[in-house]
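Q: Could you go through how the terms for helix packing and burial are applied in this structure, setting each value against its definition?

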Amino acid sequence: MSTNEATTGAAHKAAPTAKGLDRALNALGTLMIVLSAVTPASSVFIIVPGVIALAGTGSFLSFVLAAVIGLFMAFVYAELSSAYPMAGGEYTMIGRTLGRFWGFVTLVLVFVSIVLIVAVIALGVGTYLGVLIPNLSPQWVGVVTIALAGTVAAMRIKLNAFVTGIFLGIEMLALLILTGLGFAHVERPLSSLFTSPQLLDATNTLVPASSGIILASTAVSLFAYNGYGAAAYFGEETHDARRNIGKVVLWALVITVAAELIPLTAVLLGSPDIPGLLAAPQKIEYFLEARGGHALTVLISLAIAVAIFNAVIAIILQAARLLFSSGRDKTWFGPINAAIASVHGSYASPWIATIVVAVLAAVACFIDFNLLLVVSGTSLVVIYALLCVAVFAGRRNGTTAGGHYRMPLFPVPAILAFVALVYVAYQNLLDAAFGRPSLIATLLIMVVAAIYYILVLARRSDWNLHGPDELVG
């Protein structure tokens with residue numbers, strides 16, 4: 001290696017980028033933030049009960065199938081983020097492989113989804129704090145949660161890794177206690193989850209869970225695992241990002257699957273009464289009351305409130321970097337671009353972008369909850385599908401050749417993931433109550449983004465996809 005090459009490499013590793021984002025994280029620090037964004041404990045307490053309500057004990061197979069699809073998508077994310085470990089995340093990956101149009105559509109779709117997801121999970125804090133303080137307003141608790149999380153997110157990224165790491169430890173401890181309670185009181189064999197999954201019918205009678213129901217509920221299980229791809233958003237702040245980000249993606253997926261599937265298995269095997277579990281409105285709380293008592297249920301509920309707060313911090317960090325990247329690319333208009341692309345002199349964080357995200361999410365707390373779910377519901381399927389296409393395009397046109405990671409058995413994982421996503425989209429189309437309106441909302445967001453691109457961005461020569469490599473090198 002020449003002296004110039006060594007100097008350039010050292011600059012990339014040790015110094016802030018030209019726009020001020022500081023490469024202060026090692027792979028472990030990035031992993032802590034990513035796992036906090038996934039928030040396994042929140043998934044177990046909020047999403048898992050919904051899957052159990054849909055598929056009964058067949059929820060176990062739903063989560064197993066979702067883990068397989070998640071692994072395929074993790075391969076896709078790892079390859080693309082290894083090539084483009086930049087603050088724009090999916091926006092950068094898709095924009096550089098499929099073109100600027102699809103990149104901008106992805107930017108709008110991801111940003112709207114993330115902001116609404118922050119509101120959705122922040123509204124859950126009041127539910128779990130309610131065990132101590134009854135009659136709390138979910139909206140105002142959500143606003144306070146977002147304000148506090150946004151303040152933390154505006155600080156140095158290394159501080160955020162430390163804070164989220166501590167909260168993540170509390171979250172994992174709650175899951176460990178839940179798992180221990182289940183496996184300490186096993187009532188039925190593991191084989192029953194494979195050979196005879198059951199659910200309650202309309203008459204509260206146990207009946208076999210059909211393969212169609214199990215497959216349909218896999219869509220929700222897939223959402224429970226989502227978030228491992230957030231590693232790419234912190235690529236400009238991670239040492240040796242091209243080598244490390246792919247590893248972070250894969251480890252985040254593996255840890256997430258273990259942290260959600262094992263407690264679910266423990267609950268299904270250790271519940272004293274399956275009909276009682278399936279009929280309970282609060283299924284995990286029912287299990288905790290039965291096996292651990294009321295005091296432990298209250299303690300775990302507070303830990304889940306901490307987990308949700310931790311997730312709000314991590315997701316605001318992610319959304320702020322996406323917005324920062326869009327300003328750096330001059331996606332909007334002069335003063336707006338300059339503001340959201342600015343970096344705090346002391347904290348090396350995109351502080352204005354962080355404030356904008358927090359304000360938008362706080363306002364979203366006052367939108368009807370069902371509407372929040374509808375608008376954000378199926379966007380993940382579209383984003384995943386675009387990523388599957390992008391990984392093919394990157395291999396074909398050579399735009400991902402600089403990446404350190406290559407998925408095994410290419411193109412099989414990407415093809416299987418894409419086929420699974422088509423099936424999920426089809427199931428949503430059949431669901432007139434939620435899935436179809438959610439698909440329509442996603443398409444409307446994409447149409448609005450396309451109109452802005454055609455009328456504004458396609459006519460401007462100053463809009464380009466930037467990144468730290470171009471800015472430094």
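A: Axes are lines fitted to C-alpha atoms, for helices over the stretch in contact, and angles run from 0 to 180 degrees between N-to-C directions. The model is predicted, with local features needing pLDDT of at least 70 and side-chain atom pairs pLDDT 80 or more, while totals for chains, interfaces and linings use all residues. Residues are numbered from 1 along each chain as its sequence is written, and side-chain values use heavy atoms, without hydrogens and water.

Q: Why are helix 2 and helix 12 called oblique to each other?
A: Helix 2 (residues 27-38) and helix 12 (residues 241-270) pack at about 45°, their axes 9 Å apart. Angles under 35 degrees count as roughly parallel, over 145 as roughly antiparallel, 65 to 115 as roughly perpendicular and the rest as oblique, and the two helices are therefore oblique.

Q: What makes the residues of the contact of helix 2 with helix 12 nonpolar, polar or charged?
A: Ala, Val, Leu, Ile, Met, Phe, Trp, Tyr, Cys and Pro count as nonpolar, Asp, Glu, Lys and Arg as charged, and the others, Gly among them, as polar. The contact (heavy atoms within 4.5 Å) joins residues including Leu31 and Val34 of helix 2 to residues including Trp251 and Glu260 of helix 12, and its residues divide into ten nonpolar, three polar and one charged.

Q: What makes helix 19 mostly covered?
A: Buried means under 20% relative accessible area, exposed over 50% and partly exposed in between, with a 1.4 Å probe and protein chains only. In helix 19 (residues 379-397), 14 of the 19 residues are buried, and the helix is mostly covered.

Methods:
Helix = DSSP H or I, 4+ residues; strand = E, 2+ residues; numbered from the N terminus. Expected span 1.5 Å × (residues − 1).
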